[in-house]
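Visitor: I am new to this structure and would like to learn how to read its features one by one. Could you take me through them slowly?

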Number of protein chains: 2
Amino acid sequence: MCAHKKSPIYEPLTENGAIALAKKLQLLPENSQLTCNEIGDGNLNLVFRVENPENGESIIIKQALPYAKVVGESWPLTLDRSRIETNALLKQAEFVPQYVPKVFYSDESLAITIMEDLSHLEIARAAFISGKDLPLLSQHVGEFLAKTLFYTSDYGMDQHYKKSLVQQFINPDLCKITEDLIFTDPFFNHETNDYEPELQDDVEQIWQDNELKLEVAKLKQIFLTKAEALLHGDLHTGSIFADEQETKIIDPEFAYFGPIGFDVGQVFANLLFNALSRETNKQQILFHHIETTWDVFVKEFSTAWENDGLEIYTNLDGYLDYVLEQIFEEAIGYAGCELIRRSIGLAHVADLDTIEPYEKKITTKQIVLKIGRELIVNRKTIKNTQQIRELFNQTALSVI
Amino acid sequence: MCAHKKSPIYEPLTENGAIALAKKLQLLPENSQLTCNEIGDGNLNLVFRVENPENGESIIIKQALPYAKVVGESWPLTLDRSRIETNALLKQAEFVPQYVPKVFYSDESLAITIMEDLSHLEIARAAFISGKDLPLLSQHVGEFLAKTLFYTSDYGMDQHYKKSLVQQFINPDLCKITEDLIFTDPFFNHETNDYEPELQDDVEQIWQDNELKLEVAKLKQIFLTKAEALLHGDLHTGSIFADEQETKIIDPEFAYFGPIGFDVGQVFANLLFNALSRETNKQQILFHHIETTWDVFVKEFSTAWENDGLEIYTNLDGYLDYVLEQIFEEAIGYAGCELIRRSIGLAHVADLDTIEPYEKKITTKQIVLKIGRELIVNRKTIKNTQQIRELFNQTALSVI
């Protein structure tokens, strides 16, 4: 097929351009006085909220930038991640439409995705930091994980079709960010690392810890090679919008076919960060969320396996248990990597960075580093989420 | 880019067409009386040998057929495997030009690859069956495996570039043949299976052996998901041309990014078939070949790892040992799968099928099935190639 139409040339949208696009596509009424604000707080994308003030109707226009703002324009990033994000949202919506924003339109050349406005919800990380419980979050996230991951794996998807999706979701630029910032830089004396001077001894201990580094190498190998299911790829609490009733998972631009345990582990770790940042008597809800995430994941994954398994060996006694054990072991290891990199690597989390006073922040990060190491090195012997809580309690006692 | 040129329409080449093509491309002199024979004994391709009888100069023109002959025209097969084969040969030639046929020309639309004629060599399986030793074969194959697999893995290839190759070598049709015929059908009562009636009890025992089937399910999962390196994908002794001095590995149309142990295990198993088909006093050279394949693989892989490792963790003590152990364990498991499927599945090997008298053939296949099971189930405890020989001796004694 020949495309004789001239391709639009990429340029970043302005607020007026966003309004014009919304009108042109008739997503909002042409004859109304639309308002627009750029609300992106990320560092990779423009995010415009376009609203019709007459009835409050609104949409989100998201556009990928060709560079990462966090380090200036010097770190170029492919616009292809916009295609990946749109396609991942559409694929996830086949299995869990209730947990992802609706996509109304996309334009690959302009790196634009137009989607449902979720401003009535709050970013889960911020909600947890402000002390909210988000009681249904873990039930929803557990179901999201189970269904998006099972139905895009060789267990639950036609294996021929899955291979074409693997091809479509090859995502080298964003995978490289994970490979560097999660699995490599924090374990070496690398310029991207960012930590308080009081942590210097702890950090050097990590750099010299060959037992730990060998296990991280193995987890990195699995991340690099194991095309198990279509991951979200960046499933921290900053990628979740929620309130008391509703949960929406956003921003799957890191999506690629990787190990199921990676998504699960990111969720575990980011719930732990918030637990660690709270007063002891307010931590229980977070451990409850960790346990519920896994319990619901197991329940929904097992149901899907029994009802919709396409791989003939899903009928074989023992195979589901083996797969779940493998996912859990890898999730524990990946949670450990996330704990370490968010404490001393380039990208931090507000849960830890806002802890006061300063001394408590340092002590908490030391606890995080110790728990991270234990999870990575002992991931084969940690068999349930209850043990995460026990490890947390023991480590907190040993440091304080 | 618009392709205004009309694409050639695929049709199978005739002998005259092959001669005309060789002349048109000036691969052989236009003014000579070229001869041509279709020499393909496979079931998926036409293979023309075009020769200039004046000086004996010759080339091979290989063309993929759009169906598998083995089951008539009813089993359609993508012509895309011709592109895969050509690209795999070219990629392998970057690392081991001495062990692959030179490619002179290819045409994706016509599914044609023109390459070096290797008729002065003999197919290794036939040579072994006729009692030859092929003394350098395992040294060459070990080096071929080590270099093609190391330099296309995340250990030795730029990880960004590797992902684009993974994308280029997605090979769903030919992978499905392996997934079905090696990992699935032989372990179930499936119509593709083909075995002597005397093996009915042994076969039913396999179908009911849940411990075995669970391990096969795990090996199939690894084959489906682990994009470790660019495999040959079908490395049996029928894909090797050799004589006393030279070795050439042909037919990589099953190439895709999979677990390194798969290629290694196929080699082990096919050397074992020949050992099993020989008189006891002529078996030693085959065990020697198995041991040499692995020893040379380890030596060359380790040298490449130390000199050319691109992954930072290749500098870490213990990581190479871990990777080699994992490869060996998987190779042992995959060898076991190959042993079983060549005895009772759709595609047999001449080594076993030509054993006489008939009773000996049955007994030998029973031994093969038992060794296959042991290799699969005990792959974690088998630590060196010497143990394969011991297992062989024990099993042979227990059956006879």
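**Strands, a hairpin and listed residues**

Guide: In the hairpin formed by E5(B) and E6(B), 4 residues stand between the strands, and B:Ala111 there takes a positive phi near 60 degrees. This is a predicted model, in which local features need pLDDT of at least 70 and side-chain atom pairs count only at pLDDT 80 or more, while totals for chains, interfaces and linings use all residues. Residues are numbered from 1 along each chain as its sequence is written, chains are lettered from A and ligands numbered from 1 in the order in which they are written, and side-chain values use heavy atoms, with hydrogens and water left out.

Visitor: How many bridges pair strand E5 of chain B with E6(B), and in which sense?

Guide: Strands are DSSP runs (E, at least two residues, numbered from the N terminus, as are helices, H or I, of at least four), and two of them pair if DSSP finds at least two bridges between them. Here strand E5 (residues 103-107) of chain B and E6(B) pair over 4 bridges in the antiparallel sense, with B:Met115 in E6(B) as the bridge partner of B:Val103. Strand E3 (residues 57-64) of chain B is also joined to E6(B), by 5 bridges and again antiparallel, and there B:Ile60 has B:Met115 as its bridge partner.

Visitor: Why is strand E6 of chain B described as largely enclosed?

Guide: Buried means under 20% relative accessible area, exposed over 50%, and partly exposed in between, computed with a 1.4 Å probe on protein chains only. In strand E6 (residues 112-116) of chain B, 5 of the 5 residues are buried, so the strand is largely enclosed by the rest of the structure.

Visitor: Which residues of chain A does UniProt list for "binding site"?

Guide: UniProt positions are given in the numbering used here, with shortened feature names, and annotations may be inferred rather than shown by experiment. The unreviewed UniProt entry lists several residues for "binding site", among them A:Lys62 and A:Glu116.

Visitor: Is A:Lys62 buried or exposed, and which side chain does it join in a polar contact?

Guide: A polar contact is a pair of N or O atoms within 3.5 Å; within protein, one must be able to donate a hydrogen and the other to accept it, and residues adjacent in sequence count only if both atoms are side-chain atoms. A:Lys62, in strand E3 (residues 57-64) of chain A, is buried at a relative accessible area of 6%, and its side chain joins that of A:Glu85 in a polar contact of 2.9 Å.
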